[in-house]
Structure formats: C-alpha cells, structure tokens
Amino acid sequence: PLIHHLLYKYKVDWHHLVNASQGDNKAEIEAAQAKLDAVQAAFKECSARDAAAAAALREAASREAASKKAAAEAAAEEAAAKASAAKAADAEAAAVKREQEANASAEAAKAREAEAKVSAEESKKREGEAAAAQAELEAALAEVKAQEDAYNAKTEQLKKKCETGGVVSQGRAKNELAQHLGEDPLPLRRAKITAEAAVKKAERTTKAAADAAVKADADSKKATEARGAAEADAAAATEARAAAVASREAADAAAAKASAAREEAD
C-alpha cells in the first residue's frame with residue numbers, strides 16, 4: 001500500500017503515524033478514550049465479580065463437601081456408639097443373670113451349710129448317746145465279772161479251808177463248799193455272755209457314730225468353705241453388674257451425644 005511506501009521513503013516511525021491525530025477531532029478522541037476506559041473498568045469489575053463468584057462457589061462446594069464428610073463421620077460415630085451401647089446392654093444383662101445365679105448359689109450353699117451343721121450336731125449327739133450306753137454296758141459287764149470273780153474267789157477260799165484246820169472246820173468247809181458249788185452258775189454265765197455281746201455291739205455302734213460325727217463335721221467345714229466361696233463369687237458378680245450398668249449408661253450417653261451430633265451435621 002501507499003502508506004507503507006511513504007513510511008519507508010520518509011523514514012517515519014509507524015507508531016507516530018498510528019497515534020497521530022487525524023485533523024481536529026481531539027474531543028471525539030477523548031470521549032472515545034473515556035468510553036474505552038469505562039469499558040475497561042467495567043470489564044475489570046466484571047472480571048473481579050466473576051472471580052469472587054467463582055471463589056464463593058468453590059468455597060461453598062468445599063463447605064458442602066466438608067459438611068457431607070462431617071455428616072458421614074457423625075453417622076458412623078452414631079452407629080458405632082449405638083453398637084457399643086447395645087453391646088454394653090448385653091453385657092449388663094449377662095452380668096445381672098450371673099449375679100442372680102451367684103446369689104442363688106450362695107443361698108443354696110448357706111442352706112447346705114445349715115443342714116451340714118445340724119447333721120454334725122445330731123451325729124455328735126448320737127456319738128455321745130452311744131458312748132454313754134457303752135459305758136453303762138461296760139459297767140454292767142464289770143459288775144457281772146466282779147460277781148464271777150467273787151464266786152471263784154470264794155470257791156478257792158473254801159477249797160483251802162477244806163484242806164487246813166481241824167476235822168470239824170474242814171467238815172464245815174466241805175459242807176459250805178458243797179452248798180456253794182450247788183448254786184446254779186448259769187444265770188451268772190448268761191448275764192456275762194449277754195453283757196459281753198452287748199458291750200461289743202455298743203463298741204461297734206459307738207465307733208460308727210464317732211466315724212459319722214467326724215464325717216459330718218468335715219462335711220460341715222466343707223459346706224462353710226463352699227458358702228464363703230459362693231458369697232465371694234456373689235459379691236464379685238454384684239461388682240461386675242455395677243460396672244456393667246455404669247458402662248451401659250456411659251455407652252447410652254455417648255450414643256445420645258453421637259445422635260445429636262449427627263442431627264446437627266445433617
């Protein structure tokens with residue numbers, strides 16, 4: 001074009017040419033420049049508003065994501081808390097059942113202990129009665145033996161008199177000996193046999209009663225030990241039940257708190 005040729009020929013800077021005024025239109029140029037500046041300012045303002053809106057949108061999306069995440073976490077925590085509460089309730093129920101069983105066992109042990117003590121007392125009483133009866137029979141046997149010994153001693157004494165002294169005294173002694181030997185010894189022998197048999201039977205009875213008393217006393221001691229162990233077990237079960245109740249109450253509180261947090265997050 002011609003303008004290129006002129007620029008080259010007259011060595012003119014094209015920047016000057018482009019920015020040079022074309023006649024006396026300064027007012028129009030200034031007005032145009034003002035409009036251009038206004039458009040550029042409006043464009044910058046619009047860009048700023050667009051950037052702010054985009055930032056607000058990103059922030060809202062971030063808050064929404066964080067809120068959803070918090071809601072999900074709260075729901076998970078609520079579910080875990082409820083599961084924990086259910087587990088604690090089961091543990092409490094088991095502890096209550098265990099406590100009831102332990103208390104029942106302790107009561108049964110007390111009853112067995114009482115029965116064992118009564119049995120031991122009765123066994124001791126029977127042992128005493130058997131020993132007393134044996135003592136009476138032994139005394140009766142001793143009396144029978146004393147009578148037998150006296151009879152035998154008198155026989156020997158009369159026999160000696162028959163061999164010593166004068167004729168008259170010997171005759172009197174023989175007569176007394178004959179009368180003495182003429183007495184019926186059968187009742188005395190029967191009494192001795194009966195007494196000996198009764199004493200042997202009483203000895204067996206006394207021994208059996210003594211053995212029963214020893215066993216009953218040992219059973220009573222075992223029952224006392226078992227009662228003590230059962231009571232200790234019951235006390236431990238009571239403590240475990242109290243701990244389970246506290247744990248369940250804490251779990252319920254945590255579950256309620258988690259539910260409130262989840263509702264707030266929703």
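A residue counts as buried when its relative accessible area is under 20%, as exposed when that area is over 50%, and as partly exposed in between. The legends below apply these terms to a predicted model.

**Figure 1. Overall form of the predicted protein.**
The protein contains five helices and zero strands, and its elements follow the order α-α-α-α-α from the N terminus. Its radius of gyration is 63 Å, well over the 18 Å that the globule rule gives for 266 residues, so the protein is more spread out than a compact globule. Along the principal axes, the C-alpha atoms fill a box of roughly 210 × 35 × 25 Å. Of the 266 residues, 18% count as buried. Among contacts with a separation of 6 or more, 85% are made by residues 24 or more positions apart.

**Figure 2. The salt bridge between R98 and D233.**
The side chains of R98 and D233 meet with a distance of 2.3 Å from N to O. This pair links distant parts of the chain, since R98 belongs to helix α3 and D233 to helix α5, 135 residues apart. R98 has a relative accessible area of 37%, so R98 is partly exposed. D233, with a value of 30%, is likewise partly exposed.

**Figure 3. The salt bridge between R248 and E92.**
Here the N to O distance is 2.7 Å. R248 lies in helix α5 and E92 in helix α3, and the two residues are 156 positions apart in the chain. E92 counts as buried because its relative accessibility is 15%.

Apart from neighbours within four places in sequence, E99 is in contact with A237, T238 and R241.

K215 is exposed, with a relative accessible area of 54%, whereas D219 is partly exposed at 32%. Elsewhere, salt bridges that share partners join E107, K110, E113, K117, R227 and E231 into one network. The structure holds 16 salt bridges.

**Figure 4. I193 in helix α5.**
Helix α5 covers residues 186-265, I193 among them. I193 has a relative accessible area of 57% and is therefore exposed. The C-alpha atoms of I193 and H15 are separated by 165 Å, and these residues are 178 positions apart along the chain.

How values were computed
Residues numbered from 1 in each chain as written. Predicted model: local features only at pLDDT ≥ 70, side-chain atom pairs only at ≥ 80, totals over all residues. Heavy atoms only, no water. Helix = DSSP H or I, 4+ residues; strand = E, 2+ residues; numbered from the N terminus. Rg over C-alpha atoms; globule rule 2.2 N^0.38 Å. Buried < 20%, exposed > 50% of the residue type's maximum accessible area, 1.4 Å probe, protein only. Contact = heavy atoms within 4.5 Å. Salt bridge = Lys/Arg side-chain N within 4 Å of Asp/Glu carboxyl O.
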